[in-house]
Amino acid sequence: MNDSTTTIREAGEGDLEAVLALYEHLHDADEQAGEGEIRAAWKAIIEDRRTYLFILESGGVPVSTCMLCIVPNLTRRARPFGIIENVVTRRQDRRRGYATALLHHALGYAWERTCYKVMLLTGRKDEAVLGFYEGAGFVRGVKEGFIAYPPE
């Protein structure tokens, strides 16, 4: 990515619609929440001092986003750890380096806050996506990830 019109910033209160538009490129189908639930979740995200939702804009247009949560910790000399979730770039803007730049920004942000590690899970299996995350600085196969879902 070599674009002087590209900026990365933390999302603000007025960015909900832009983030939701980017999330349309995240999954082919997603469960929909009601307007009240969406607004309450957005308020919680924006007000949470440990949650950072970053937006990458190109030419003033939001094209990529990710969320970083920094979790306090009692191990590793009481250094926190980070979790990155919801990494997405608009389909028409993929393979231009935007998400890599965004992830490098999020990782730098975590390292500045003394995180001893940052974790990222993906449900994608194709080698191109896994290679993308490796190219952005993540290491595959160090630990095994597990997910629990609530009972139906």
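Trainee: What should I know about the numbering and the model?
Mentor: Residues count from 1 along each chain as its sequence is written, and side-chain values use heavy atoms, without hydrogens and water. The model is predicted, so local features need pLDDT of at least 70 and side-chain atom pairs pLDDT 80 or more, while totals for chains, interfaces and linings use all residues.

Trainee: Is E57 buried or exposed?
Mentor: E57 sits in strand β2, residues 51-58 (strands are DSSP E runs of at least two residues, helices H or I runs of at least four, numbered from the N terminus). Buried means under 20% relative accessible area, exposed over 50%, and partly exposed in between, with a 1.4 Å probe and protein chains only. At 12%, E57 is therefore buried.

Trainee: Which side chain makes a polar contact with the side chain of E57?
Mentor: Such a contact is a pair of N or O atoms within 3.5 Å; within protein, one must be able to donate a hydrogen and the other to accept it, and residues adjacent in sequence count only if both atoms are side-chain atoms. At 2.9 Å, the partner is R9.

Trainee: How is A33 classed by relative accessible area?
Mentor: A33 lies in the loop between α1 and α2. Its value is 41%, so A33 is partly exposed.
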